[in-house]
2 protein chains.
Amino acid sequence: MKEIKGGITAAKGFKAASCAAGIKYQGRTDMAMVYSTKPCVSAGTFTSNVVKAACVQWDMDIVKSQKPLQAVVVNSGIANACTGKEGFDACEATAKGVEKALGVPFDSVAVASTGVIGMQLPVEKLVAGVEKMAPLLDESIEAGTAASKAIMTTDTVNKEIAVSFEIGGKTVTLGGMSKGSGMIHPNMCTMLAFIGTDLAIEKDLLQEAVSEVVADSFNMITVDGDTSTNDTLICMANGLAENDIIDKKDKDFDVFKEALAYVCTALAKRMAADGEGASKLFEATIVNAKSKEDAKTLARAIVGSNLSKAAIFGCDANFGRFLCAMGYSGAVFDQNDVELFFKSANGTLKVFDKGTPIVFDEEEALRIMKADAVTVYVDMHEGDAKATAWGCDLTYDYVKINADYRS
Amino acid sequence: MKEIKGGITAAKGFKAASCAAGIKYQGRTDMAMVYSTKPCVSAGTFTSNVVKAACVQWDMDIVKSQKPLQAVVVNSGIANACTGKEGFDACEATAKGVEKALGVPFDSVAVASTGVIGMQLPVEKLVAGVEKMAPLLDESIEAGTAASKAIMTTDTVNKEIAVSFEIGGKTVTLGGMSKGSGMIHPNMCTMLAFIGTDLAIEKDLLQEAVSEVVADSFNMITVDGDTSTNDTLICMANGLAENDIIDKKDKDFDVFKEALAYVCTALAKRMAADGEGASKLFEATIVNAKSKEDAKTLARAIVGSNLSKAAIFGCDANFGRFLCAMGYSGAVFDQNDVELFFKSANGTLKVFDKGTPIVFDEEEALRIMKADAVTVYVDMHEGDAKATAWGCDLTYDYVKINADYRS
């Protein structure tokens, strides 16, 4: 497997377009469309929030059906959540706009939204956006990059990645893009992610790979603990790589899953590092836990704690806050077994040794904490399970962005 | 029942003292002692965090035993959490200092700590503080107020309250004090609270009343979602009111519970309003929910959401964030049943009506949101259960305080 240039248009048959539809922002693109020249099998994961946006419910119906998926339309101005029947009508109108413009059935068109909750979408602008984008669909890297920029909200950088790998002598390509900056918390984290591959694979196996990979990547990031109404990840596979179709969990399936994990983990980490107001990536790694579930619970509690996040912002090696977060996570353990370290590109420092604090050099701690990415590394000495979670620091800018979001 | 002046020294036989022991702060008091002239039955609630401070474990042993409790010593500099055996030794040395100074058995002395986690306490300063305070013990209102100030950390105001009520023709007094500003989240919230009463009551019934009342008061507040290692509430009853002892759940028990609820709710709300960096009290009231558990879950999710808290800070009637928090709370409901209102001293505004957003006057919304206390009021239209939770807004000052705490 190797990382290659590009994103959502990297795989054969995938095209993208974007435009400024004037839904919320002025002077920037706020709609994107992804289209596969060949109908795709699809898989997806969606928010666990019981208040699901209209578009999430629309997409879940399509992905759960056995029907093919061929296009996705995204807007980054209004979430289309808490919008009642009018919200569903907006989804249908958008999909029918694609049917009219591209000749694909409206029920093979997914729609995704991110932005303000509780506002109605301007349907005529959405449909006009679709009409504008249809003739612009293009398979170039640039078209994919432009789409990854059009789906941004408070993101400060776009997120895209692509890899290629071999399956039975054929080169398969997998590319993706995502956005997400606030309302980010596992199950799903608040995000939109779209992944396109030219792999030939059966639908059930695609879903299984996606679900497994999301559990250890996107669902292990948190920015603010708020699980959005709109989280959506959609993976489309069109088979244009012409590999023998993957129809069982063999070596080929594992090769694909590894590539998918690479792409999803990279996108997830970039989302965490670009959390609203974030100044750095904050990683927690738990090793030698009793169970995988415990390891995940502990890692997520650390990166999810406001007090831990504020300490990371302040470059303060205040390790008690991390132990405190582990303590209320729900996992049961004995603090007398625990070793805790701070790690970064600048070094490693042990600060807690099986129940007892270690007197450490504050200068050295500060040097480690000042890096762009800081890891809290915890050895539980209880078993052999491990997990990593990703988040970001809590900054003045997080408050600024969110105290003044709608206006 | 009527509210009276004073706090922890209001009830007969309760004395308090405080001093500047130089544990963390310079130029302010940082130790307090509460003493009852007569041994007390005690009840308590303690943090659910599995990483419990040494003093929490010390106090749990005393409260769970049938032994009397006669004094509590508090320091507000260092939490004595994650401190191994040395931490336990510090508890014992403090209690033995009280035994020496006041002649009460060391195992009738509770100790409580709040402050930095992972640092060892300077035992000699603690013991010297006890020696200094013993001759200063005083039953005046002023001594109680001074104690309530000595236990503050990042609190901006001290919290104390007292009430009196009649039981069988006798006047009973109940007074308390608490502190808590950060690391505040239910079960227990991060706080220290001490309540003294001259009521005569059996120990088991005292514990039952305390547990019930804490569940609807202190455990319904949140500041930052971080459940501390040190949460402690201790209630002492010395019987000096000379009422016929309460030994069953009769009308007298209910009268006492009502008074206890009044005191605990008042202290809890003051703690929420004084959350680290808070500019206002943020209340969520859920009515007509399917169950009490659901109502509590929903109310706590609203006041616990960073995005909701930031919207409250920004006086932004961005109601989708509150619905989003309800949606990921774990409670199951249909958004098409829900009505959501903003309420404050400046008025009431309905913004969401059974699945559909209401177009409202932004000027009116701003006027309501600008009050010192704002309530999100939600009618679930599912049943008849209700609950209220209290929190505060998320501000620049919260980040400032916590990015730079240890130093």
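This dialogue walks through how to read several features of a predicted model.

User: What should I know before I start?

Analyst: This is a predicted model, where local features need pLDDT of at least 70, side-chain atom pairs count only at pLDDT 80 or more, and totals for chains, interfaces and linings use all residues. Residues are numbered from 1 along each chain as its sequence is written, chains are lettered from A and ligands numbered from 1 in the order in which they are written, and side-chain values use heavy atoms, with hydrogens and water left out.

User: Which residues of helix H10 in chain B are buried?

Analyst: Terms come before the case. Helices (H or I, at least four residues) and strands (E, at least two) are DSSP runs, numbered from the N terminus. Buried means under 20% relative accessible area, exposed over 50%, partly exposed in between (1.4 Å probe, protein chains only). In H10(B), residues 362-369, the buried ones are B:Ala365, B:Ile368 and B:Met369.

User: Why do the buried residues of H10(B) line one face?

Analyst: An α-helix has 3.6 residues a turn, so residues three or four places apart point the same way. Seen down the axis of H10(B), the buried residues fall within an arc of 95°, so they line one face of the helix. The arc is taken over the directions from the helix axis to the C-beta atoms.

User: What covers the buried residues of H10(B)?

Analyst: Look for contacts, meaning heavy atoms within 4.5 Å. The cover includes helix H8 (306-313), strand S11 (339-344), strand S12 (347-353) and strand S14 (373-379) of chain B.

User: How many residues of H8(B) are buried?

Analyst: H8(B) is mostly covered, with 7 of its 8 residues buried. Among them are B:Leu307, B:Ala310 and B:Ala311.

User: What sits at the helix starts?

Analyst: Look for a polar contact: a pair of N or O atoms within 3.5 Å; within protein, one must be able to donate a hydrogen and the other to accept it, and residues adjacent in sequence count only if both atoms are side-chain atoms. B:Ser305 caps the N-terminal end of H8(B), with a side-chain oxygen 3.3 Å from the backbone nitrogen of B:Leu307. At the start of H10(B), a side-chain oxygen of B:Asp361 reaches to within 3.2 Å of the backbone nitrogen of B:Glu363.

User: What is the strand order of the open sheet in chain B?

Analyst: Two strands pair if DSSP finds at least two bridges between them. The open sheet has 6 strands in the order S13-S12-S11-S14-S10-S15, with mixed pairing. Strands S13 (356-357) and S15 (385-392) of chain B stand at the edges, each with a single partner strand, so one side of each is left without a neighbour in the sheet. S11(B) and S14(B) are antiparallel, over 6 bridges. There, B:Ser344 stands opposite B:Val374 in S14(B).

User: Which strands join S8(A), parallel or antiparallel?

Analyst: Strand S7 (residues 170-179) of chain A runs antiparallel to S8(A), joined by 6 bridges. Strand S9 (residues 232-237) of chain A pairs with S8(A) in the parallel sense, over 6 bridges. S8(A), residues 192-197, has 6 of its 6 residues buried.

User: How many disulfides does the structure hold?

Analyst: A disulfide is a pair of cysteine sulfur atoms within 2.5 Å. Over all chains there are 0. For B:Cys40, the nearest cysteine sulfur, that of B:Cys235, is 9.0 Å away. B:Cys40 counts as buried, at 2% relative accessibility.
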